[in-house]
2 protein chains.
Amino acid sequence: MSSIRQHISVPFTYDVHFTEHLFSERNELLRKTIAPSSSRKPANVLPVVDKGLLTHHPGLPERIAAYAEAHEDVIWLVADPVEVPGGEAAKNDPAFVDHLHEVISETGLDRHSYVLVVGGGAVLDLAGYAAATAHRGIRLIRAPTTTLSQNDSGVGVKNGVNAFGTKNFLGTFAPPYAVLSDFAFLDTLSDRDWRSGIAEAIKVALIKDEAFFAFLTDHADALAPPRRDREAMEQLVYRCAQLHLDHIATSGDPFEMGMSRPLDFGHWSAHKLEQLTDYTLRHGEAVAIGIALDCTYSHLAGLLSHAEWGQILEVMEAMGFRLYVPEMDAHLSQPDHPRCLFQGLEAFREHLGGELTIMLLEAIGRGVEVHDVDRSRYRQAVYLLRERSDMPEYA
Amino acid sequence: MSSIRQHISVPFTYDVHFTEHLFSERNELLRKTIAPSSSRKPANVLPVVDKGLLTHHPGLPERIAAYAEAHEDVIWLVADPVEVPGGEAAKNDPAFVDHLHEVISETGLDRHSYVLVVGGGAVLDLAGYAAATAHRGIRLIRAPTTTLSQNDSGVGVKNGVNAFGTKNFLGTFAPPYAVLSDFAFLDTLSDRDWRSGIAEAIKVALIKDEAFFAFLTDHADALAPPRRDREAMEQLVYRCAQLHLDHIATSGDPFEMGMSRPLDFGHWSAHKLEQLTDYTLRHGEAVAIGIALDCTYSHLAGLLSHAEWGQILEVMEAMGFRLYVPEMDAHLSQPDHPRCLFQGLEAFREHLGGELTIMLLEAIGRGVEVHDVDRSRYRQAVYLLRERSDMPEYA
């Protein structure tokens, strides 16, 4: 009997909106996102809130409830907001996903109901995984509240939690139903969290958009703490989100079935450094170091000019990023040591699968992929960054 | 700032092959499935085997190992075959998914590695869920071994396990990498399992393909035990798989984001009856009852002619299906009782989400969707089936 070749194409469409004060009763964005799409009025909505937000926004759960009440013809909260601790560490504890599944089951959410998650990237990842696996996918509305989640992970198609000591070991590809980014939340971020998101913007500018990198260079002082110019940050977030979305839509491989993942520039060491520092480094802080490392390697490999290499490091330093931590070279000469930075190369290859593919830089705005790296050159790059960090102005 | 509309289209392609003696060393199908696609030679493969197969095929794990050894240039088994109990009950125990995740982690499988699962629908569902959620999706090669999995779930795009008392509460949409159906496994099925798969063929014939239903009518005796004509069964499996695949590819909604799910004809009561009988009814046996019930309802509602209704029930009876079980009317007049059959209507609506959508029949080969049902008419349909089962020839 002849074989049957099955070809399917699955379309996904979602809007990424930018707003301020999403839960102000007069802000109709959330209402309008849900109203036309719901087969029932009001629609069932389960809110999930990043506990880290409550320090500066203690009334947030009540504001969400008041919003739903003011729009009760469209929104029905099936439960009080579920609070989940923010930060990568929450992704290590399987109890949170289990709990969300339990609440989804108890409240009778279905595939036409909504999980509305408000918070930083880790909480979005965790709630997104729970929503994607319940009933094979409940609609997910993300309200990212950090620079990093608004310009990067929060607009993308992935979710995940950590397991067996591996970051995002469990996860799926699942486009959100909508993304509602509220810039007002950015004002209450700590300096570290404010800065963290800038790293992903630097990353995508370096591999894809020279003009965007010029913008970042020109606005480095305005963007960095203490100035924290919100208007400049809004432009950064918007352009970065746009480049990220454009990559997903046009790469030809939105669910990453191939071996190439250009948006992970700087990430092989970043992931490992997050783990080596017990997640005391923020993801963005680790990415900044990873970018510095891969740019330095690119320069040592003769790909990137000395002038551009210097410019990149200076911009990152002007933003306030540290570009070296001692965990980088603690076990650098012991390739089999579990805390050796190079273990990150194998973990990176393994997560993506297939052949190792690392993005390097041949110019600002132009990435290039390689499949082999020279570890002694990487060691040299680490030492260069260490030396630079020892200079008086970085002490 | 203006909103960004993201549109992505995710393409999936996979082949469904039919063969005999998949693990005979001279059969090159598995080798050829893996060889061209692997970025590494040999490719890492984790075999998962349905323990239920071992009664009749005690040497199966060794045969798989021998096959891999004979094709060691292409296939590297990362571990001995993991054995998982067959049948729906295994999907109730989260330990199996956890164990598979653990093995996947320990053996270092990546997104370009393979989980090769050999077994019936429940084991395919369970291993499929584990594979789909590890590293956001490891390649899954399904080798379905039952009539039901070869012609229905095994060729589709879903996986799942049960949780919180709900069938397939956890799961994802994840097209397989390939499907390799080995007809030789069908010979060792029990009569009940052999027959079970016929129910899904009847279902898809009734809603989509009058000519296929004529084939089933003509071959009812040949197909049913004790004759179990393998050639007729192969034709049944092939045509049913083809119709199933065609529906997924052309429905416009392969990941079921809308409210319509025609392939679930007869399934609202079937799912509930599986639960009410503690899964002692096979899925196919429950589907046969569900089809009989919805056909009877369709007839009582004036949609389906008396002659066609009678023909359908007779064909199913000729196949050896029971069309009534006492669990159907044990609590039929107590709509709030958890063991009332009608609880299946709400569970069905909830799983799919949105408005209730039930497929009925207006003629053999022609389904029609409705959004409202008359429960007193359904009660009448149950009583009709009960009476019919009380007649001497069914006692």
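**Ground rules**

I am working on a predicted model, where local features need pLDDT of at least 70, side-chain atom pairs count only at pLDDT 80 or more, and totals for chains, interfaces and linings use all residues. Residues are numbered from 1 along each chain as its sequence is written, while chains are lettered from A and ligands numbered from 1 in the order in which they are written.

**Entry 1: how the two copies sit**

I laid chain B on chain A and got an RMSD of 0.0 Å, with a turn of 180° and a shift of 0.0 Å along the axis. The two copies are thus related as by a two-fold rotation axis. The superposition is by least squares on the C-alpha atoms of residues with pLDDT of at least 70 in both copies.

Which residue of chain B comes closest to the rotation axis? B:Val10 does, with its C-alpha at 2.5 Å. The same surface serves both copies, as 100% of the contact residues of chain B recur in chain A.

**Entry 2: the interface between the chains**

I looked up the contacts and found 59 residues of chain B against 59 residues of chain A. A contact here has the C-beta atoms of two residues, placed from the backbone, within 7 Å. On the chain B side, the elements giving two or more residues are β1 (4–19), α3 (94–106), α4 (121–133), β8 (166–170), α9 (230–250) and α13 (343–352). These names follow DSSP runs numbered from the N terminus: helices are H or I with at least four residues, strands are E with at least two. β1(B) gives the largest share, 15 residues.

By class, I note 26 nonpolar, 22 polar and 11 charged residues on the side of chain B that touches chain A. For the classes, Ala, Val, Leu, Ile, Met, Phe, Trp, Tyr, Cys and Pro are nonpolar, Asp, Glu, Lys and Arg are charged, and the others, Gly among them, are polar.

Then I checked how β1 of chain A meets β1(B): the two strands pair in the antiparallel sense over 13 bridges. Pairing takes at least two DSSP bridges between the strands. In that pairing, A:Thr13 stands opposite B:His7.

**Entry 3: the two domains of chain A**

Chain A splits into domain 1 (15–188) and domain 2 (191–394); the bounds come from an automatic or database domain assignment. I have their centres, taken over C-alpha atoms, 28 Å apart. Their contact takes 21 residues from domain 1 and 27 residues from domain 2.

On the domain 1 side, the elements giving two or more residues are β1, α5 (147–151) and β8 (166–170) of chain A. α5(A) gives the most, with four residues. That side has nine nonpolar, eight polar and four charged residues.

**Entry 4: helix α11 of chain B and its surroundings**

Helix α11 (residues 283–300) of chain B has 18 residues and reaches 25 Å from first C-alpha to last, close to the 26 Å expected at 1.5 Å a residue. The expected span is 1.5 Å times one less than the number of residues.

Is the helix enclosed or open? 17 of the 18 residues of α11(B) are buried, so the helix is largely enclosed by the rest of the structure. My cut-offs, with C-beta atoms placed from the backbone: buried means 20 or more other C-beta atoms within 10 Å of a residue's own, exposed means 12 or fewer, and partly exposed is in between.

Just after α11(B), B:Gly302 takes a positive phi of about 80°. In the loop between α10 (267–276) and α11 of chain B I found B:Arg282, which is buried, with 24 other C-beta atoms within 10 Å. B:Arg282 touches B:Arg192, B:Asp193 and B:Ser196, leaving out residues up to four places away in sequence. B:Ser196 is 86 residues from B:Arg282 in sequence, but their C-alpha atoms are 6.9 Å apart.

I found a cis peptide bond between A:Pro225 and A:Pro226, with omega about 5°. Chain B has one between B:Pro225 and B:Pro226, also with omega about 5°. B:Pro226 lies in the loop between α8 (220–223) and α9 of chain B.

B:Arg228 is in the loop between α8 and α9 of chain B, with a positive phi near 45° though it is not glycine. With 16 C-beta neighbours inside 10 Å, B:Arg228 is partly exposed.

B:His135, in the loop between α4 and β6 (139–144) of chain B, has a positive phi of about 50° without being a glycine. B:His135 is buried, with 24 C-beta neighbours inside 10 Å.
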